[in-house]
Number of protein chains: 2
Amino acid sequence: MQPSLDSLSNILDTDSLLTDLSSLEHYGKDWTNQYTPKPLAIALPKTTEQVASIVKWANEHNVSLVPSGGRTGLSGGAVASNGEVVIALDKMNKILSFVDSTQQVHCQAGVITEQLQQFATDNDLYYPVNFASSGSSQIGGNIATNAGGIKVIRYGLTRDWVMGLKVVTGKGDILELNSGLIKNATGYDLRHLFIGSEGTLGIITEATIKLTRQPTSLTVLLLSIPELSKVEDLLQLFQKEVDLTAFEFFSEEALNKVMSHHNLPRPVETESPYYCLLEFDATSDDILNKALECFETGLEQEIIVDGVMSQSQQQADELWKYREYISETISGRKPYKNDISVTPDKVSDFLNRVNQIVKKEYPSFEVIWFGHIGDGNLHLNILTPEDMDHLEFTKACEQVNPLIFEELKKLGGSISAEHGVGLLKKPYLNFSRSELEIEYMKGIKAAFDPNNIMNPGKLL
Amino acid sequence: MQPSLDSLSNILDTDSLLTDLSSLEHYGKDWTNQYTPKPLAIALPKTTEQVASIVKWANEHNVSLVPSGGRTGLSGGAVASNGEVVIALDKMNKILSFVDSTQQVHCQAGVITEQLQQFATDNDLYYPVNFASSGSSQIGGNIATNAGGIKVIRYGLTRDWVMGLKVVTGKGDILELNSGLIKNATGYDLRHLFIGSEGTLGIITEATIKLTRQPTSLTVLLLSIPELSKVEDLLQLFQKEVDLTAFEFFSEEALNKVMSHHNLPRPVETESPYYCLLEFDATSDDILNKALECFETGLEQEIIVDGVMSQSQQQADELWKYREYISETISGRKPYKNDISVTPDKVSDFLNRVNQIVKKEYPSFEVIWFGHIGDGNLHLNILTPEDMDHLEFTKACEQVNPLIFEELKKLGGSISAEHGVGLLKKPYLNFSRSELEIEYMKGIKAAFDPNNIMNPGKLL
């Protein structure tokens with residue numbers, strides 16, 4: 001029996017409870033795009049107190065809740081397909097305060113990532129967590145999934161920038177966590193527990209985020225790598241001398257697709273099976289010279305066979321295109337995506353093992369590799385063959401998943417580096433977390449959400 | 001009734017269970033030095049499996065366990081005064097492996113901080129978490145208290161360097177947490193839950209720690225500050241231009257005591273009520289020039305009234321003495337210590353409020369302020385008057401604590417910035433954590449340690 005929504009609408013402002021079909025479809029899905037949205041209603045609270053009231057209402061009426069940010073996730077974490085009430089943070093989109101001396105900004109969870117980045121720029125500062133969906137993703141969602149992206153090697157994950165949280169637990173309690181303190185040794189850091197919890201413990205409603213100094217002269221190197229094993233040497237060579245802000249990777253196959261799709265010239269003369277894109281902030285000539293020395297050493301030691309370095313911001317942007325355009329370029333071939341990680345020293349070993357598996361199991365499948373290799377994070381994209389039904393293809397890929405994840409498990413890797421678990425990766429969670437760990441996670445979940453109201457079916 | 005220790009000794013190697021009075025006294029206390037040690041026995045396991053067996057034994061026999069590292073804590077977190085079995089990690093003191101390309105070192109929890117720092121130096125790298133007790137404190141204890149220290153403004157807390165943990169929970173389960181992965185979005189990060197948990201959820205037995213590049217040319221500025229409110233301006237001025245590696249603070253009273261105790265000259269000509277010690281890594285002339293510009297701007301804007309800058313490593317070391325010698329200098333006066341923090345923008349407000357409280361309540365007490373002011377972390381030291389009994393003095397200070405902590409609560413501060421809660425700060429936990437938060441912490445504790453075996457009476 002469906003609960004009456006009248007009592008819920010009383011909690012909210014007028015026009016803040018949506019039940020029309022278009023809204024249900026819009027708010028019921030994320031970018032995963034393979035689940036059928038079917039929420040009961042969409043609630044658009046304006047305050048933390050309203051969120052707490054909704055959670056209490058849901059506990060009383062035994063209604064499941066799905067917290068909803070920009071819904072740019074790729075694991076179905078924000079999908080509502082089972083009569084849930086979606087709590088969308090869209091109306092909690094204000095930057096509340098900013099303290100110049102601490103470089104901390106306090107904002108509501110519905111602030112768009114790009115909005116925060118722009119706010120930082122307007123204050124001559126920088127919010128360094130950046131990724132493809134920054135124009136739509138919300139801060140609350142970023143925190144709930146501990147979003148990473150392209151600058152992690154220098155600036156870390158979202159976790160590293162969260163100085164405080166206001167949350168509503170699955171019991172409807174409002175907690176203020178850490179409040180911007182740098183040092184606070186007073187017991188379990190519940191803030192860190194909520195970061196990456198995918199909306200299963202409660203709802204993040206406000207966050208205190210640290211900003212930092214802007215980079216001054218971002219410089220890009222695009223390098224040809226003769227063989228995979230050299231990637232580790234390259235990382236080590238540069239990391240000893242230069243603070244890299246990015247260390248990205250893609251294959252010749254990926255490059256070829258981008259060049260032909262976007263009609264771009266080959267960026268480096270020498271063709272090679274793999275390429276690395278390195279970025280650093282050339283704050284002084286000294287740093288620039290160190291990078292150049294590393295480049296020359298790399299050539300001498302045959303770690304790289306060719307390369308170019310940007311001489312201007314425009315050239316840097318041009319070089320980034322070869323990496324950034326990959327996802328969009330292959331999207332027409334509806335790739336089956338795996339977002340996996342190992343420690344950076346095991347990347348080439350893992351990549352070789354996966355290549356062998358795919359070649360053996362599906363010799364006709366086209367594999368496109370790219371990723372944030374400085375963090376050990378690889379995006380494995382298997383393209384749908386032109387002559388194959390997509391559903392059939394997805395099933396085939398799902399059959400190969402356990403083989404890949406078994407290798408990942410042997411190497412101590414992660415089945416989801418930065419996309420989260422949600423619905424899509426839940427069947428594979430035990431490849432990265434032991435049964436014991438999962439039991440303890442369930443124990444924590446029970447302490448924060450005893451009635452299993454918060455995002456049920458996701459993650460655990 | 002005391003349990004038989006025979007069954008416990010069977011778990012351990014020969015000579016690894018101590019019950020002699022001298023060992024009980026040695027292992028039963030930490031640097032807090034105000035509790036009477038009275039453990040039942042001291043266990044010295046050599047493997048994680050032995051630790052797990054001890055925890056299972058303790059659950060079966062309902063014996064409390066106290067995890068024990070270097071016992072350099074100042075809050076009684078490692079005190080065993082109630083018939084507990086102390087699990088000392090002294091025999092698990094090996095560095096197990098090191099991967100050059102990831103700069104990650106895997107070690108046992110009993111490794112001494114200085115041993116890890118030396119290992120890093122031997123590999124041309126750097127472990128940046130550093131504090132007064134680094135020569136005795138163990139990595140496991142550092143992690144259990146999320147140790148901070150003097151480089152937090154640049155390098156963060158222990159938390160920021162822990163890439164993986166092996167732990168034994170209060171149920172005796174062995175968990176491998178994160179295993180060195182940079183990106184791992186697979187549910188609750190139990191690693192972060194154990195960091196700062198003060199041995200109340202389980203025992204850390206191994207850790208994977210990230211190292212970083214060594215600083216090249218650490219340079220120190222010692223600056224005279226005309227009034228407290230200028231400290232925030234000074235922090236902001238420098239932080240916009242330079243990556244500070246330290247931003248320390250002390251009062252003229254503190255300086256005076258150090259100069260007279262150690263027969264040192266006044267380091268800057270102009271006497272002022274407060275001083276700040278800034279450190280940065282002058283990796284290039286450009287950075288050095290930026291720091292000099294900030295210095296000049298500071299003088300022009302009357303944020304500072306005088307200052308000196310080190311021209312060599314030796315001069316830098318000399319300047320550090322004025323800050324580092326404070327603790328030892330005043331130790332003869334048995335200071336009552338409070339280790340508190342607010343966000344850095346509220347430091348001068350808070351300090352003024354506390355000065356007023358102490359002046360009003362105890363006009364004869366001598367107060368020595370110093371601390372890591374760039375992190376908002378202040379060490380408030382009230383010196384025992386020469387003519388006052390120490391116990392009487394301690395009681396008087398404890399009576400003033402609630403007044404100070406009430407101001408701290410209003411400002412959203414922490415009653416323990418980096419010393420942890422342990423036994424000593426437990427009565428005051430609710431000034432920094434709400435009753436609701438404490439309830440959720442107890443829920444987590446119950447999931448990991450249902451029989452309340454692990455460090456009972458500490459923190460919660």
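Between chain B and chain A an area of about 6400 Å² is buried, and carbon and sulfur atoms give 57% of it. On the side of chain B, the residues that lose the most area to chain A are K183(B), Y188(B) and Y440(B), which together account for 17% of what that side buries. The model under discussion is a predicted one. The size of an interface is often expressed as the accessible area lost when the parts come together.

The interface can also be described residue by residue. In chain B, 84 residues are in contact with chain A, where 84 residues take part in turn. Polar contacts across the interface of chain B and chain A amount to 40 residue pairs, with both residues at pLDDT 80 or more. Several elements of chain B give two or more residues to the side that touches chain A: strand β9 (174-177) and the helices α7 (190-194), α8 (230-239) and α15 (435-448). Of these, α15(B) gives the most, with nine residues. By class, the residues on the side of chain B that touches chain A comprise 29 nonpolar, 34 polar and 21 charged.

Charged pairs form a further part of the description. Ten salt bridges are counted between chain B and chain A. In one salt bridge, K183(A) is paired with E418(B), and the closest N and O atoms are 2.9 Å apart. Over all chains, the count comes to 46 salt bridges. Within chain B, K166(B) forms a salt bridge with E176(B), where the closest N and O atoms are 3.7 Å apart. This pair links distant parts of the chain, since K166(B) lies in strand β8 (residues 162-169) and E176(B) in strand β9 of chain B, ten residues apart.

The discussion now turns to the sheets of chain B. An open sheet of four strands has mixed pairing and the order β1-β2-β4-β3 in chain B. Its edge strands, β1 (17-18) and β3 (65-68) of chain B, each pair on one side only. Inside this order, strand β2 (residues 41-43) and strand β4 (residues 85-88) of chain B run parallel and are joined by three bridges. At the level of residues, I42(B) stands opposite V86(B) in β4(B). Helix α3 (residues 48-61) of chain B lies across β2, β3 and β4 of chain B, and runs at about 155° to β3(B).

An open sheet of seven strands in chain B shows antiparallel pairing, in the order β15-β12-β14-β13-β17-β18-β16. Why is one side of β15 (306-309) and of β16 (336-341) of chain B left without a neighbour in the sheet? Both strands of chain B, β15 and β16, stand at the edges with a single partner strand each, so one side of each has no neighbour in the sheet. On average, neighbouring strands of this sheet are turned by 15° against each other, direction ignored. Seven bridges join the antiparallel strands β13 (residues 244-251) and β14 (residues 274-281) of chain B. In β14(B), Y275(B) is the bridge partner of F250(B).

Helices pack on this sheet as well. Helix α8(B) touches β12 (218-225), β13 and β14 of chain B, and its direction makes about 150° with that of β12(B). Helix α11 (residues 313-324) of chain B touches β12, β13, β14, β15, β17 (366-372) and β18 (377-383) of chain B, its direction making about 45° with that of β12(B).

Note on methods: Residues are numbered from 1 along each chain as its sequence is written. Chains are lettered from A and ligands numbered from 1 in the order in which they are written. This is a predicted model: local features need pLDDT of at least 70, side-chain atom pairs count only at pLDDT 80 or more; totals for chains, interfaces and linings use all residues. Side-chain values use heavy atoms; hydrogens and water are left out. Contact means heavy atoms within 4.5 Å. Buried area is the accessible area (1.4 Å probe) that two parts lose on being put together, summed over both. A salt bridge is a side-chain nitrogen of Lys or Arg within 4 Å of a carboxyl oxygen of Asp or Glu. A polar contact is a pair of N or O atoms within 3.5 Å; within protein, one must be able to donate a hydrogen and the other to accept it, and residues adjacent in sequence count only if both atoms are side-chain atoms. Ala, Val, Leu, Ile, Met, Phe, Trp, Tyr, Cys and Pro count as nonpolar, Asp, Glu, Lys and Arg as charged, and the others, Gly among them, as polar. Two strands pair if DSSP finds at least two bridges between them. Axes are lines fitted to C-alpha atoms, for helices over the stretch in contact, and angles run from 0 to 180 degrees between N-to-C directions.
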